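Please keep the sequence and the structure at hand while reading.

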Amino acid sequence: MASPLVETKLFIPGVRGGAVPRARLDAHLRRGSAAKLTLISAPAGFGKTTALASWLAEPQSGNRLVAWLSLEEHDGQPTTFWRYVTATLAKVVPGLVDDALSQLASPQPQVQTVLTTIVNELSCVRSEIHLVLDDYHQVDGPDIAAGMTFLLEHLPPNVHLVISTRADPTLPLPRLRARGELVEIRAGDLRFTPEEVAQYLDNVAGLSLANADIATLEVRTEGWIAALQLAALSMQGRDDVSRFIAGFAGDDRYIVDYLVEEVLARQPDHVRSFLIDTSVLDRLCGPLCDAVTGHRGGKAMLEILERSNLFVVPLDERRHWYRYHHLFADVLRSHLGDEQPGAVPSLHRRASQWYEEQDEAPASVRHALAAGDVNRAAVLVEAAIPTLQRTRQDGIVRGWVDVIPDAVVRARPVLAVLFVGALMSAGEFDGVRQRLDDAERCLDSLTRRTTRELSGPLRPLVVTDPEQLAGLPGTIAMYRAALALHRGDVPSTVKHAQQAMALAADGDELVRAGASALSGLASWSDGDLEAAHLSYSDCVERMQRIGHIADILGCSIPLADIRLTQGRLGDGLATYERALGLAAGQPEPQGGVLPGTADMHVGLSQVAYERGDLTTALGHLSRSQELGDRAGLPQNPYRWRVAMARLKDARGDLPGALELLDEAQAVYTGDFLPDVRPVAAVRARVLTAHGYLDEPLTWAREHGLTADDDLTYLREYEHVTLARILLARHTSDGDKASLREATDLLQRLLDAAESGGRTGTAIEVLILQALARQADADTAGGLVDLGRALGLAEPEGYVRVFVGEGPAMAVLLEATLAQHGGSAYVQRLLDACRQTAPASGPAERPAHVDRHVPHLVEQLSERELEVLRLLSTDLDGPAIARHLVVSLHTVRTHTHHIYAKLGANSRRAAVTRARELGLLPSTSRP
């Protein structure tokens, strides 16, 4: 399938040789570099794009970067628009906005969150960046304006926005104008001066005209560039140039039609027919033009048109794809409608057929709709959706929901149900039940037709694929199960999942796999992890039969998580390794590594972490990061950050851990899997372990957690976290009531974990019980609990769950050795405890700045000081990120904060200022 993003829209248009130099206009554009926004607003044909391309092509001092985006009407959806903006920024600074791209890949991206990420990352780039949005009027509207206004308000000083448009955009122009943050270029600025008209006609068009004729033409066209170009074409080969110029007049509304008529009338019939027939195309290439016109030679014709300056613009360096100048295309289409109105549908239909043959469903559907053939569009959509779902391109399907008329959808039960899947994948559940009800009524209607039990008139129904129709009852039941799960109705989820299994058509493994997964989620929500694992295993087996390997990777996450919760580290490890093996055996998809591969490495890092192998854990997280966001599922960005935060905390880097957890919360994306370990609870645990209790206590209170709560598996992690907080409060201030609450809560948690077969949780709770008894002067009881934990943990090689408890655990382990004699496992844990740095206390609060500099209004944090020290070396940004084991985005954010606090605008200036303030050692000078 073709990529949903058209890469050629990110190319800066080339500048033709012999273009008229326009020094005054270039100077005007250069002034825009000092403002937030340069606005080029003028009617069609005034040379906005050409002026921008010429200015950007001139030699520049410094290291200016240009991100270009040519916009089209169907880019007006916010997600599509911001994906293109992000893509063009990533093109000029590779890797710059990976986090933003990841957020946009989620089912319901929050535009302001995405823009915050983009702004933060842009602010860390030392180069000057021009973001150019050409033909902005194609997308202007309230949905886009809200995000654009936010971007303008928070634009970093090194970034300048350039907008080319036919009409003033709905942006706060008066406010920007009053602040001096707006440079405007209007039609009067773009018009050719008499000198430029003369230069164009003489040097570019090759017309030797008298000065009087040039002056007349300049007055008649008022410097309108498109009119001059068309006039020059009309004058080629004329003997009566002066008479033509003298008679050249008219209202702006008719000039273009008049001139194009003159141009078209002078073209050979086959050229004129080619131009008009292919005007229905947004993009042109030789084979596509051949299909639409019904003649061969399209590639050669496009090359002739380009050489003849007949308003064709190349879209790639290979001269394969072109487009017509927008104004020229508009006029051509107008002539097509006037001359051959009956031909328009057939031309679009041919284009649709060609795109269908190229497996480019989106373009094929678009032309079918333009042909007015909504039934053909519906057929194409029905055929394309299964493949798009298999390759996780649900966004394209979601877009079709809005363009296929409801009446057509209602008449096609298969399409109606497929659209339900697209809506649910996008997290849109409103109206889904009604759609499913309508689809079932369609099925009932078809049944009554078959059995001739007709009780009244029936609307016509269309079935393209009988096999898909036969699978609808099972699919509908599966979606009802998903809808019930979304509502939190576990019994209904189970009921509908069972119905889906029973109703699935023969060979419909996809429905049965989905029903199994939903049954597993229902069991998971009830805490029955073994049943959940069985259901998910069945799902994986079915997915493997039909080759849905990417889905298997997604299912491997809950499968392994269940085993880890059950205390079966080896089985969890095997699950991830099997999934990686399956992925390695697949051909690489168009985007690179199979989605989900990066997630498997995050999972493997968790197992290594639990076994105390921090080096291996770091290696897997680094590999996941190297694979990039395209190799990860939508949830991978936050899962990676949580895993890396735990690793950093284990290595004594509390500030780094907290930063990553904050990032994880910001990029969190949920799915149908229950969030059994919320990021906020992980943060509360980390702070508690280091003696900071204010925030964790506030977290527990705000989340309604008490020691007397009824216990459920879904909140088990949070309640264990609460027990940790209560124990830490007793350690901090000797509060006996907190110790009693913790002890009672831990016993209830242990009973629940043991009855549910959650051995991983039981190990942790037993350890906490041992520490609680130790704190209550019951060392003997503590050793009993610890002995039970050791017995459960040793076969699976648990290390971190013991070592993470610090010196208090070392005391208990020493007592265990003294009481029961030598044990290689206990000795290993004790050695690991002794090698681990003790947890920091409140005196080392991570947000505190130890090194106060009186001249700074805002002091640098410890992590910023560390980044500053690395900035003074020869390491580049990626190398610094690798050294600190953080994302490049994090390094850039710190760098931006350092610049702001030191009043610097470059790396060299920041280092120099830091040395002046004594934050860095001074360098010796010769």
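## Cysteines, a sheet and helix packing

The structure holds 0 disulfides, and it should be kept in mind throughout that this is a predicted model.

| Residue | Relative accessible area | Class |
|---|---|---|
| Cys124 | 9% | buried |
| Cys442 | 3% | buried |

Both values can be read against the cut-off for burial, which is under 20% relative accessible area; Cys124 counts as buried because its relative accessibility is 9%, and Cys442 counts as buried because its relative accessible area is 3%.

Turning to the sheet, 5 strands are arranged in the order 2-3-4-1-5, forming an open sheet in which the pairing is parallel. At its edges lie strand 2 (65-70) and strand 5 (182-185), each of which pairs on one side only. Direction ignored, neighbouring strands of this sheet are turned against each other by 15 degrees on average. Within the sheet, strand 1 (residues 37-41) pairs with strand 4 (residues 159-165) in the parallel sense over 5 bridges, and Thr38 stands opposite Val162 in strand 4. Helix 3 (residues 78-92) packs on the sheet, where it touches strand 2 and strand 3 (129-134), and the direction of helix 3 makes about 150 degrees with that of strand 2.

The residues of the contact of helix 30 with helix 31 divide into 12 nonpolar, 3 polar and 2 charged.

How many of the 11 residues of helix 36 (residues 679-689) are buried? The helix is mostly covered, with 9 of its 11 residues buried, and these include Val679, Arg683, Arg685 and Thr688. The buried residues of helix 36 pack against helix 34 (636-650), helix 35 (654-666), helix 37 (694-702), helix 38 (716-733) and helix 40 (759-775). Just after helix 36, Gly691 takes a positive phi of about 90 degrees.

Definitions and conventions: Residues numbered from 1 in each chain as written. Predicted model: local features only at pLDDT ≥ 70, side-chain atom pairs only at ≥ 80, totals over all residues. Heavy atoms only, no water. Nonpolar A, V, L, I, M, F, W, Y, C, P; charged D, E, K, R; others polar. Pairing = 2+ DSSP bridges. Helix = DSSP H or I, 4+ residues; strand = E, 2+ residues; numbered from the N terminus. Axes fitted to C-alpha atoms, helices over the stretch in contact; angles between N-to-C directions. Contact = heavy atoms within 4.5 Å. Disulfide = S-S within 2.5 Å. Buried < 20%, exposed > 50% of the residue type's maximum accessible area, 1.4 Å probe, protein only.
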